[in-house]
Amino acid sequence: MIKQLNALNEARLKFKSLIAEPELITLRTGATFDNNKKIFSLTYFGQDYLIDFAGNVYKQGNCKEVSYNDHTLILQYLCSASGLPPRGKWLSFLELPYGALHNAPFYTDALKPLAEAFGTRMDDFYRATKHLGGTPVNMGDAGAIIPALPKLPLAVTIWSGDDEFPPRANILFDSVAPTHLTTAALWVLGVELAHKLITYIKPERQGLNWLGKTLDFS
């Protein structure tokens with residue numbers, strides 16, 4: 001269960017319980033650690049973030065604290081990543097543990113908005129994915145692999161549709177993903193990917209607190 005009032009606090013508490021051995025965190029996650037400054041550095045969706053021992057998260061070069069969702073996801077990954085590298089085998093959200101129970105809202109909150117935003121804007125799709133550190137891949141009519149976190153890539157694909165079928169989109173998770181984050185967290189990660197891509201071409205889009213929803217993946 002993830003609730004707005006406790007997800008970030010729980011992640012902070014767990015992170016603080018692990019920082020006595022920062023080298024283990026870096027080995028598991030692909031983060032780096034500055035022993036003099038006592039700061040971790042982690043790349044998240046193509047941007048570098050700094051994490052102090054108190055569990056505060058800042059974008060590098062910007063002292064403003066990051067959003068609730070990004071803050072929570074980064075700490076959750078630092079706490080729970082298994083250390084396993086990507087396998088290059090892709091799973092749909094439906095194929096994740098308990099994913100079938102929440103595939104419909106994932107479609108509504110992530111896949112449908114992506115298809116509507118990029119179904120006729122392939123050039124914008126590639127610009128937006130590049131902004132998040134993505135590289136093109138031969139999937140669908142347009143596709144890219146995006147390093148959401150150092151050991152957790154996502155793939156996003158777009159089909160432009162035709163006179164018979166509307167545009168479609170999909171977000172795929174490397175098969176190692178469930179060893180790094182819970183399905184609830186991966187749900188939020190996928191929705192955040194969709195939101196960040198759409199915001200790149202529609203900056204007026206407001207921020208979303210998807211972790212504010214109550215999600216039961218039990």
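Predicted model: local features only at pLDDT ≥ 70, side-chain atom pairs only at ≥ 80, totals over all residues.
Start with helix 1, residues 7–18. At 1.5 Å a residue, its 12 residues should span 16 Å. The end C-alpha atoms are 17 Å apart, which agrees. The buried residues of this helix are Ala7, Leu8, Ala11, Arg12 and Phe15. Seen down the axis of helix 1, these buried residues fall within an arc of 130°, so they line one face of the helix. An α-helix has 3.6 residues a turn, so residues three or four places apart point the same way. The face of helix 1 turned away from the buried side carries Leu13 and Ser17, which are exposed.

What do the buried residues of helix 1 pack against? Their partners are helix 2 (22–29), strand 2 (39–44), strand 3 (47–52) and helix 3 (68–80).

Two of those partners, strand 2 and strand 3, pair with each other. They run antiparallel and are joined by 6 bridges. Within this pairing, threonine 43 stands opposite aspartate 48 in strand 3. The hairpin of strand 2 and strand 3 has 2 residues between the strands. There, phenylalanine 45 takes a positive phi near 50°.

Strand 3 also pairs with strand 4, residues 57–59. Again the sense is antiparallel, over 3 bridges. Isoleucine 51 has valine 57 in strand 4 as its bridge partner. The hairpin of strand 3 and strand 4 has 4 residues between the strands. In this hairpin, glycine 55 takes a positive phi near 85°.

Now move along the chain to another sheet. Strands of a sheet pair through backbone hydrogen bonds, either parallel or antiparallel. Leucine 91 stands opposite phenylalanine 173 in strand 9.

The loop between strand 8 (152–159) and strand 9 (168–174) holds glycine 161. Is glycine 161 buried, partly exposed or exposed? At 34% relative accessibility, glycine 161 counts as partly exposed. Leaving aside residues up to four places away in sequence, glycine 161 touches Asp141, Pro166 and Pro167. The C-alpha atoms of glycine 161 and alanine 115 are 9.4 Å apart, although 46 residues separate the two along the chain.

Finally, look at the charged side chains. Side chains of opposite charge can pair when their charged atoms come close. How many salt bridges does the model contain? The count comes to 4 salt bridges.

Lysine 196 forms one with aspartate 70, the closest N and O atoms being 2.9 Å apart. Lysine 196 lies in helix 6 and aspartate 70 in helix 3, so the pair ties together parts that are 126 residues apart in sequence. Both lysine 196 and aspartate 70 are buried. A network of salt bridges links Asp70, Glu192 and Lys196.

Aspartate 124 takes part in two further contacts of this kind, with arginine 121 and with arginine 127. The side chains of arginine 121 and aspartate 124 meet at 2.7 Å, N to O. For aspartate 124 and arginine 127, the closest N and O atoms are also 2.7 Å apart. Aspartate 124 and arginine 127 are 3 residues apart in helix 5 (residues 122–131), so about one helical turn separates them.

How accessible are these side chains' residues? Aspartate 124 is buried, because its relative accessible area is 15% and buried means under 20%. Arginine 121, at 32% relative accessibility, counts as partly exposed. Arginine 127 is also partly exposed, at 43% relative accessibility.

Methods. Residues numbered from 1 in each chain as written. Heavy atoms only, no water. Buried < 20%, exposed > 50% of the residue type's maximum accessible area, 1.4 Å probe, protein only. Contact = heavy atoms within 4.5 Å. Expected span 1.5 Å × (residues − 1). Arc of directions from axis to C-beta. Pairing = 2+ DSSP bridges.
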